[in-house]
Amino acid sequence: MITPAALEDLRRRNPVPEVAGKWVSLRRGTKTGRMVGPCPLHSKDPHAKDSTSFECWSDGWVCAHCCKGGDVIRLVEEYEHKSFREAVEWLGGPREVDDAEEARRAAERAEKQAQQEVAQAGFRNRERDRLYGWWQEARPVAGSPAEQYLLRRGCRVPPGARLRFRPDHPYMVHEGRDERGRDVWRAIHRGPAMIAAITAPTGHFLGLHITWLDLDQPKGKAVITHPETGEVLQAKKMRGSKQGGQIELLRCASPTCLIIGEGIETVLSIYAAMVRKGRPLDGIAFWAAGDLGNLAGKAAAGCRVRHPIAKDAAGRTLLVPGAEPDLASKAVTIPNSVFDLRLLGDGDSDPFTTRLAMQRAEARHACAGRRILTAWPEPGRDFNSMLQGGECAA
Ligand SMILES: [Zn+2]
């Protein structure tokens, strides 16, 4: 009989990256900061540099291809074809841990976690202050390359839009962690950027939505590639908090109608079309949510739908979030004054997933006396490309 404390001690003595690292070459993943690489169980080349199926951290591992995962003991069982007891012996065997020692360690872990939480809260506040500083010193959008970018896409900038321009904004990527466990970031690109303020319903500043620009490119966006992997990265990023916030493009104190979509360009396309047609804009606000998750919120627990086509890395049918909303999750808050809500579906993303998200948004934002309509662009297109083709009816 091995006590839970002795097992805990065994796992602590055998961090997964150390054990798996004897069998395969692991490297620090750019997205999660976890160790990634070929899988000890299935990969043919244990030193493949482009393999990412296996991922591990100090006390766990998972393989997307094998669909297996667990702790270090499980990994040894699988790799060495051993029983649980044999795997424990292979890892050095259990050592008796006395209760006082275990209590001391538990207290140490709790203390460390409390310190981390304080550090994270401090980090979030410093990050928000830094972003707010950038917002404060940014230039007005009028007459800037950011306005040129929007005009070229047929959009218009509404007066008072929370959009600005920074000529030399850094594009940061996560490099991993340093020896003290702190995140390490590196700027891989600097250049002109359109920045949008994300604000809370109270009006407080939450973060920035950033679009890097290159007006020499056909779409006006910068083409940014990761210097090591060569991967083409998204020219947009959000920093700070976004969930529950909004990007106000046409502001209105107590709007009766709100037109809201995922992306800034989508919303400004509809705005431009309405201005061009001379539609009255009294009582109408135009907002961007930044992404679909913030527009629709999370799906209720267990509400997953089988995707008709898409498969995951292991070739299994992909399950995507369904239409039933989790009202406890954070998403953009629609003002109570809004009785006419227009949601803009975007053709950029996977149509099946987007449709479910928009149904979820409709269910989430429904209330007595409010009419909700979702407008869709033509299949395979977005409102911006339709606007540029002169087809936006709004
Ligand atoms: Zn595997």
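Select Trp23 to start: in this predicted model, Trp23 has a relative accessibility of 14% and counts as buried. A search of the whole structure finds six aromatic pairs. Trp23 and Tyr79 form a stacked one, with 3.7 Å from centre to centre and 15° between the planes. Trp23 lies in the loop between α2 (16-20) and β1 (27-28), and Tyr79 lies in helix α3 (residues 72-80), so the pair ties together parts that are 56 residues apart in sequence. Now extend the selection to Trp90; ring pairs link Trp23, Tyr79 and Trp90 into a cluster.

**Helix α1**

Next, select residues 4-13, which form helix α1. Which residues of α1 are buried? They are Ala5, Ala6, Leu7, Asp9 and Leu10.

Arg13, at 24%, counts as partly exposed.

How many salt bridges does the structure hold? The number is 22.

**Two further salt bridges**

Move to Asp168 and Arg190. Their salt bridge has its closest N and O atoms 3.3 Å apart. Asp168 lies in strand β7 (residues 163-177) and Arg190 in strand β8 (residues 183-199), so this pair ties together parts that are 22 residues apart in sequence. Asp168 is partly exposed, with a relative accessible area of 40%.

Then select Lys242 and Asp291, another salt bridge, where the closest N and O atoms are 2.8 Å apart. Why does this pair tie together parts that are 49 residues apart in sequence? Lys242 lies in the loop between β12 (236-240) and β13 (247-250), whereas Asp291 lies in the loop between β15 (284-288) and α8 (292-296). Lys242 counts as partly exposed at 28% relative accessibility. Asp291 is buried, with a relative accessible area of 18%.

**Charges over rings**

Select Arg34 with Trp57. The charged end of Arg34 sits over the ring of Trp57, 3.9 Å from the ring centre. Then go to Arg355 and Trp376, where the charged end of Arg355 sits over the Trp376 ring at 4.1 Å from its centre.

**Domains**

Colour the chain by its domain assignment: domain 1 (4-97), domain 2 (140-241) and domain 3 (242-394). Keep domain 1 and domain 2 in view. Their C-alpha centres lie 38 Å apart. At the boundary, five residues of domain 1 are in contact with six residues of domain 2. The size of an interface is often given as the accessible area lost when the parts come together. Domain 1 and domain 2 bury about 420 Å² between them, and 44% of that area is on carbon and sulfur atoms. How many salt bridges are counted between domain 1 and domain 2? The count is zero.

**The whole chain**

Finally, select everything and show the cartoon. The protein has ten helices and 19 strands. Along its principal axes, the C-alpha trace spans about 80 × 45 × 45 Å. Of the 394 residues in the protein, 43% are buried. Among contacts in the protein with a separation of 6 or more, residues 24 or more positions apart account for 64%.

Key
Residues numbered from 1 in each chain as written. Predicted model: local features only at pLDDT ≥ 70, side-chain atom pairs only at ≥ 80, totals over all residues. Heavy atoms only, no water. Salt bridge = Lys/Arg side-chain N within 4 Å of Asp/Glu carboxyl O. Helix = DSSP H or I, 4+ residues; strand = E, 2+ residues; numbered from the N terminus. Buried < 20%, exposed > 50% of the residue type's maximum accessible area, 1.4 Å probe, protein only. Phe/Tyr/Trp six-rings, centres within 6.5 Å; stacked < 30°, edge-to-face > 60°. Lys NZ or Arg CZ within 6 Å of the ring centre and 35° of its normal. Domains from an automatic or database assignment. Contact = heavy atoms within 4.5 Å. Buried area = accessible area lost by both parts, 1.4 Å probe.
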